[in-house]
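Trainee: I am new to this structure and would like a close look at one part, the place where two chains meet. Please take me through that part in one connected account.

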Amino acid sequence: MAKGLQGDKRLFEALVHAHQGQIRAFLRRLCTNNALADDLAQESFLRAYRKFDALSDVGAQKAWLFQIAYRIFLDHVRKETRRKTIDDARLDMDAPIVEPAPALKMDIERAMNALPQPQRAAILLCLSYGFSHSEAAKALGQPLGTVKSHVVRGKTALRAFLTAYERA
Amino acid sequence: MMVDNTDDKIFQDLLSDYAQPIADAGFSEALLRQLPARTPRKSYVVGGAAIVGGALALRQAPTLFGYFSDLKLPTIKMPVVSIPAVDTAPLHSAVQSVPSSVLMAAGFAALLLLGLGGAALLGEDI
């Protein structure tokens, strides 16, 4: 049994190395706060480690990790909502750390940050991290139709931004 | 990868910087150091209980052996069953010549063997 646990730990280590970059990027874009995002990412992986035995489908580990990370993010938002009133789910604990970047890059960031958080999450998963709509629905804990709707609306908003950007 | 049309490819390129994975920079190492030890709690409990139980049983063994050595078995007179046309006299005298304690022990051993054999056949853990 000790050998099995050693193998589990090695497997988990591989999981962390493979997905930490995307999980942290995902949480940073949801939180707009790098330090908070990394704390939530750490909490996500620790929770994943405790539940590692429950993961039966190794192929679904990426979606499973994102599901845990998103739930932890939502739990944090709910706690913060109880403390202070916020209109949307965007978290601005501290001023977001934005590196100086070309104009388009900054504007894309602003355009994405202007999207409602559920749309931003769906866009990131489906367009950037290679999730199918059904995988994203499972990761976000939302109905498939809702996720598709988020993606469509998010793309429409980004398309409008691009059109305005090109005209400017 | 679920990008299957030009439109999605444009958005993917547009968001490539925005969604870029974060460099590790020691994150994994710091996380792995924090992982709690996953000890096989169940086997420790079962093993510990087995050791304690075995020690208690061993402690009782001298008392048990003493009990059996002091045990005085009653003398049993076997009834004679006469079967016509079968001479049981030699069998009768042979049985009578065996001490009753030996007969009792043989009977107990036979029962124990039957019990163990049955459990082995049924696949029950003892």
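Mentor: The contact draws 41 residues from chain A and 27 residues from chain B. This is a predicted model, and every value below is computed from it. Between them, chain A and chain B bury about 3300 Å², with 69% of that area on carbon and sulfur atoms. Three residues, A:Gln42, A:Tyr49 and A:Leu127, supply 18% of the area that chain A buries against chain B, more than any other three residues.

Next, the polar side of the contact. Between chain A and chain B, 10 residue pairs are in polar contact. Five helices of chain A each supply at least two residues of the side that touches chain B: helix H1 (2-31), helix H2 (34-50), helix H4 (103-114), helix H5 (117-128) and helix H7 (144-167). H1(A) gives the most to that side, with 14 residues. Sorted by class, the side of chain A that touches chain B has 19 nonpolar, 9 polar and 13 charged residues.

Charged pairs also cross the interface: the rule finds 2 salt bridges between chain A and chain B. In one of them, A:Arg159 pairs with B:Asp7, and the closest N and O atoms are 2.6 Å apart. Another salt bridge is formed by A:Lys155 with B:Asp8, where the closest N and O atoms are also 2.6 Å apart. A:Lys155 lies in helix H7 of chain A and B:Asp8 in helix H1 (residues 6-14) of chain B, so this pair joins two chains. Both A:Lys155 and B:Asp8 are buried.

Over all chains, the count comes to 9 salt bridges. One of these is A:Asp38 with A:Arg28, whose closest N and O atoms are 3.1 Å apart. This pair links distant parts of the chain, since A:Asp38 is in helix H2 of chain A and A:Arg28 in helix H1 of chain A, 10 residues apart. A:Asp38 and A:Arg28 are both buried. Salt bridges that share partners join A:Arg24, A:Arg28 and A:Asp38 into one network.

Helix H2 of chain A, one of the helices that touch chain B, can be checked for its length. With 17 residues at 1.5 Å a residue, H2(A) should span 24 Å, and its end C-alpha atoms are 25 Å apart, which agrees. The buried residues of H2(A) include A:Leu36, A:Asp38, A:Leu40, A:Phe45 and A:Leu46. Also among them are A:Gln42 and A:Tyr49, two of the three residues named above for the area they supply against chain B.

Helix H4 of chain A also touches chain B. A salt bridge joins A:Arg110 and A:Asp107, with the closest N and O atoms 2.8 Å apart. Both residues lie in helix H4 of chain A, 3 residues apart, about one turn of the helix. An α-helix has 3.6 residues a turn, so residues three or four places apart point the same way.

Last, the partner chain. Chain B has 5 helices and 0 strands, and along the sequence chain B follows the pattern α-α-α-α-α. Of its 126 residues, 13% count as buried.

Terms used:
Residues are numbered from 1 along each chain as its sequence is written. Chains are lettered from A and ligands numbered from 1 in the order in which they are written. This is a predicted model: local features need pLDDT of at least 70, side-chain atom pairs count only at pLDDT 80 or more; totals for chains, interfaces and linings use all residues. Side-chain values use heavy atoms; hydrogens and water are left out. Contact means heavy atoms within 4.5 Å. Buried area is the accessible area (1.4 Å probe) that two parts lose on being put together, summed over both. A salt bridge is a side-chain nitrogen of Lys or Arg within 4 Å of a carboxyl oxygen of Asp or Glu. A polar contact is a pair of N or O atoms within 3.5 Å; within protein, one must be able to donate a hydrogen and the other to accept it, and residues adjacent in sequence count only if both atoms are side-chain atoms. Helices (H or I, at least four residues) and strands (E, at least two) are DSSP runs, numbered from the N terminus. Ala, Val, Leu, Ile, Met, Phe, Trp, Tyr, Cys and Pro count as nonpolar, Asp, Glu, Lys and Arg as charged, and the others, Gly among them, as polar. The expected span of a helix is 1.5 Å times one less than its number of residues. Buried means under 20% relative accessible area, exposed over 50%, partly exposed in between (1.4 Å probe, protein chains only).
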